[in-house]
Amino acid sequence: MGANDDGFEALLEPFYNGKKLTDPISTKEDKYQLLPAFLKVKGLVKQHIDSYNYFVEEDIKKIVQSNRMIRSDQDPNFWIEITDIRVGMPTRDDANELRDAGKHVTPQECRLRDLNYSAPVFIDIAYPRDRMRVVRKNLALCRMPVMLKSSKCYLSGANNRKMQEMQECPLDPGGYFIVGGTEKVILIQEQLSKNRVIVEKDDKGVTASVTSSTHERKSKTYVALRKDRIVLQHNILMEPIPIIIVLKAFGGMSDYDIMELVAGGDTVYQDDLLMSFDEATKAGVYTQQQALEYIGLRVKMGGARKGRTFGGPRRNPIDDGLDALTNLIIAHITIKDSDFYPKAIYIAMMVRRVLMASHNEKLVDDRDFVGNKRLELAGQLLSLLFEDLFKGFVATLKQQMEYFFKRPNRTAAYDPTGSIGVNGRGITQGLTRAIQSGNWTVKRFGMARAGVTHVLSRLSYIAALGMMTRISSQFEKTRKVSGPRALQPSQWGMLCTSDTPEGEACGLVKNLALMTHITTEAGTDAVEELIPNLISGVERIQTQTGTEMHKEGSYIIHVNGTPYALTRRPEAFAKAFKQKRRSGCVSAFVGIHINQHFSAIHIATDEGRICRPYIIVTNGKSTLKAEHLRLLQLGKVGFEDFLRNGVIEYLDVNEENDALIAISEDDITPAHTHMEIEPFTILGAVAGLIPFPHHNQSPRNTYQCAMGKQAIGAIAYNQFNRIDTLLYTSLYPQRPMVITKTIQLIHYDKLPAGQNATVVVMSYSGYDIEDALVLNKASLDRGFGACQVFRKYSVEMQKYRSGRKDRLGGPMIGEDGKPIAKHRCLDKDGLAIVGSKICQGETMILRETPVDQEAHVDGSRGSDEYRPAPVNYRIADPAIIDKVMISDTERNSQIIKVQTRQTRRPELGDKFSSRHGQKGVVGTIVEHEDMPFSDTGLVPDIIMNPHGFPSRMTVGKLFECLTGKAAVVSGHRELGFGDAFRSHPVEEMGRTLIENGFEWGGKDYFTSGITGEPHEAYLFNGPIFYQRLKHMVQDKMHSRSRGPRAVLTRQPTEGRSRDGGLRLGEMERDCLIAYGASQLLLERLMISSDATQVDICEQCGQLGYKGYCQTCKGHGKVTKMTMPYAAKLLVQELISMNVGVRMQIEDKFPDPEPALPMRPKKSVHA
Amino acid sequence: MSGTYQPPNTSSRDDIKEGNVIYYTCGDCAVRVPLEPSAPIRCQKCGARVLYKERTKRMVQFEAR
């Protein structure tokens, strides 16, 4: 076993899957072995880790680099320079225990003790003192939350043994944070790409827009065609500005130059643009000065420029215009040496795109195209936040510095070291709070996003893994548009086709496919250096005029969407560029593609692009040879080596469009450029659990993706050491009989969630209608579906301002000398006895709170009394105390966690599902002897109703059954594979079955267990992997006859947890009204709910009290009536708002005698 | 539930506090740690801060269905 075993070793072993080292290698069959090699270095959760690593190792340094100088305005000779920043390894941050502070901390300790898994961040600074440069190194700035398995985590590179020592599961994916003991994931965020032009068409016309994103600001610039006039729009401009005025304002261009820059030689576009020239003439703008003035007058005051103009004199409009053009409009194009030409080219390009789209609708961009999207990962989001917080830190530091220098008589030289740690605390808090709450607020971008982080779902291993690959979209869920929700063809291979939730988030929440990688920033310097020297005839765009740019056959080379150079040999350029990339001169994640419509070559080096590796095909032959795989099997080479040697390369979504990709080696023709590594990787990790998914109706696979996350199984190897709020584990999980390669790759076979049940498909008893299952009682006795439920009850011993603390009390002793019933389970330390059975209402933690909690200013002591505040067990079904943990938190307060355990066997109504979206509840549990049995003595665990098949069309389930059966009867588990797009097993499996004395179709003779007669038909039977889902009757069962009522309305409470009633809602009420069941209605709405007796004055219609009317000052007309308390409350609430309410009362059923109505007040009067 | 709730009597608690040590198990080194109430939670041997309560010595019987 290698030093760094991450579970992939078995797959790369020479004897893997029955293959020996000497066996012949077929590149066709064995190329999938690249997949484990890939997953070793990239893919699944590695994107999170890569992104975080990039942030803590490189990006953080860049951020500090750009904010390094802090200069004093008061004393021009003083400055602070931050020379370097480093993130250390995670340490304890105990406040009072100096023994522990600074020591290594494991993630598991953080989980148990509710700590933050974070590392100190150090900075080096330099500042002048007595004309000397003082350098201070390793000053603690703040603490950075550490992503598990990142380069700053102790788990990275740990082998199984080390993982075990740290009480960590070696199969844990990592990629999340631990904040306050809870595991938090920063979900992948999907966004429209930044700094790229997107052309769209709506009712008003065509618009080209670009979101400029720089470190300083984020803004959006529009170039729109409105009624044949082209205008430029921006947030800081009060009104749209005619485009010609903008182009004129850049200067240095004649009208002819502008025309050429936009339209080139095309007369149609020239004519279109001519209309816009009129606008400029109408506005009287002929020169650059006039244009700048025109723009300057329309720049909004305040807003972005509020701070800058403060105090200073009002600048003239020309300066305003110049400033807007330089720094605000398309801000991502930086101006060097007052040369506006690049910006003019960019605007002209946008105008040209608008004109092109107005003539040809096909040239409008597709927002939903995956190539136009970028995925934002944890590292990027943290980087945004950190930069904001760091700028805030620098600002406060400067403020304090200025305050010091303002003082007239300073006693000592200024020393900034002290204030760094203090001010850095703001950064720590900002980062922690953002991850804890999920609210991302970056002031400088006006960004305020909620729900960025989520608690890592640990329901099952698959749930946790599925969460790590989840992508949430920024589109609002309420919009009823189908576009963003629909499956996009460009999602192929990048995003899982099956794994998306049903209902409101359908299609908006996506999941990564198995081989997807998300790029990190590669940097443009190397690329920009390469471009002019790659092939001959590549010219920098700055030296070119519009005429040359738009000449037939000229291609503009864009770097990250910005025009950079010009070539007339695009194919040769792209080929040469790809060659350079394959040889490793350029990062493997730089993408290049040719857009024929716009005569453009696009080179992308930005972060967040989705890409995927392919085998390179040249001259109709795959470059992957048998010897490559041989070396891989021997462990001599890895995936990175193939990348370097030009066997494999990454293609992003845009570049895929330039490639012809063969699915298998047989399909390769001379035209092909690439080959798939393995077709089943178009599915994600969760969909990869399904055997034969290509034989199922597609929604069934989607259903399974949702249910696989609810299956009860093993969560992690350390599942009994971690104290989760709620933990479901299976007692006897089994590896599925029929697995897929994905299952092996994600190690579902090591942490499975389900059992192989012997299923017979037949109708039985009538308790199996509507997908209900019939279960064998003997199977349950043997432990089928048995599971354990663990629950956490946690208490932190608070400290109060009075200096008192919560404490634990001792159990109360009854008259018989034993603890009272409620304290039966308590030990003398006030905590539950480990191993004891706890029932409803009994105390687990006997906490006592001081009555006196507030601080005393006068120095008095306050009450010494303590009030009990126990934690009781509230669930009706008893449980066993499994574990009682005590520890300290960072704030040095005691924390107590009690874990309870229940062992549950399946009961009527518990939910089960196979892996094909076929869920059902237990309909009946049948004695073993009443079950059908075969001639071999086989008795099923589950009987499934055959009506489940025709409409669902889950043929994959039949195949799973057949394949599993063949594998079982032959004893060859390598038969049990059900990979997507691989095999069609019926014939081979049929043969195996026949060889072992079974019928080829999987149907066998069965005898009825009830009558003892043979069944009239042969029954289809075999092993099917069944998952027990977390929905269990015990947790949902609820009834109430009488019970608690809400205080305000006096109506019954709501919900099972409050022993609530079942609501007779509006629609039910409507039914009863329509039917005329008035007495039932009266009972449901009044008597069984909030009926109340009120006194009402017949005279004034207002509420009285004890037979007396306040308004009429008399008992005379006050009468009693019954009404809902809620109605009475409404009346009183209206009165409280100064809305008078009068109730007119009449007798629906007057007494036959005309005498006065029989009322109590009558008797009073008499 | 036998007996009504009585306010905790302080006299009985003081008996508990005096010398009544409860044994805990260290989460790291599995050593037995005697701990008095209000003593800092820490393993005397390895200094670990996570302690677990020992399992009861009483007989526990489960219904094995």
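These notebook entries record what I looked up in a two-chain model, chain A and its contact with chain B.

**Basis.** I worked from a predicted model, in which local features need pLDDT of at least 70 and side-chain atom pairs count only at pLDDT 80 or more, while totals for chains, interfaces and linings use all residues. Residues are numbered from 1 along each chain as its sequence is written, with chains lettered from A and ligands numbered from 1 in the order in which they are written.

**Chain A overall.** I looked up the extent of chain A first: its C-alpha trace spans about 105 × 95 × 75 Å along the principal axes. I then took the secondary structure, which comes to 32 helices and 50 strands; helices (H or I, at least four residues) and strands (E, at least two) are DSSP runs numbered from the N terminus. Of the 1166 residues in chain A, 43% are buried, that is, they have 20 or more other C-beta atoms within 10 Å of their own, with C-beta atoms placed from the backbone. For contacts (C-beta atoms, placed from the backbone, within 7 Å), I noted that 69% of those with a separation of 6 or more join residues 24 or more positions apart.

**Domains.** I found six entries for chain A, with bounds from an automatic or database domain assignment. Among them are domain 3 (520-607) and domain 4 (726-785 + 908-1028). The C-alpha centres of domain 3 and domain 4 of chain A lie 57 Å apart.

**A sheet in chain A.** I examined an open, antiparallel sheet of four strands in the order 1-2-3-4. Strand 1 (69-71) and strand 4 (132-145) are its edges, each pairing on one side only. The twist averages 25° from one strand to the next, taken between axes fitted to C-alpha atoms, with angles from 0 to 180 degrees between N-to-C directions. Strand 2 (residues 79-87) and strand 3 (residues 118-129) of chain A pair over six bridges; pairing requires at least two bridges found by DSSP. In this pair, A:I82 stands opposite A:I125.

**Contact between the chains.** I counted 32 residues from chain A and 23 residues from chain B in the contact. On the chain A side, helix 5 (107-113), strand 38 (866-868) and strand 40 (879-888) each give two or more residues. Strand 40 gives the most, with six residues. Two bridges join strand 40 of chain A to strand 3 (residues 51-53) of chain B, and the two strands run antiparallel. I noted one partner pair there: A:M885 is bridged to B:Y52.

How values were computed
A residue is buried if 20 or more other C-beta atoms lie within 10 Å of its own, exposed if 12 or fewer, and partly exposed in between; C-beta atoms are placed from the backbone.
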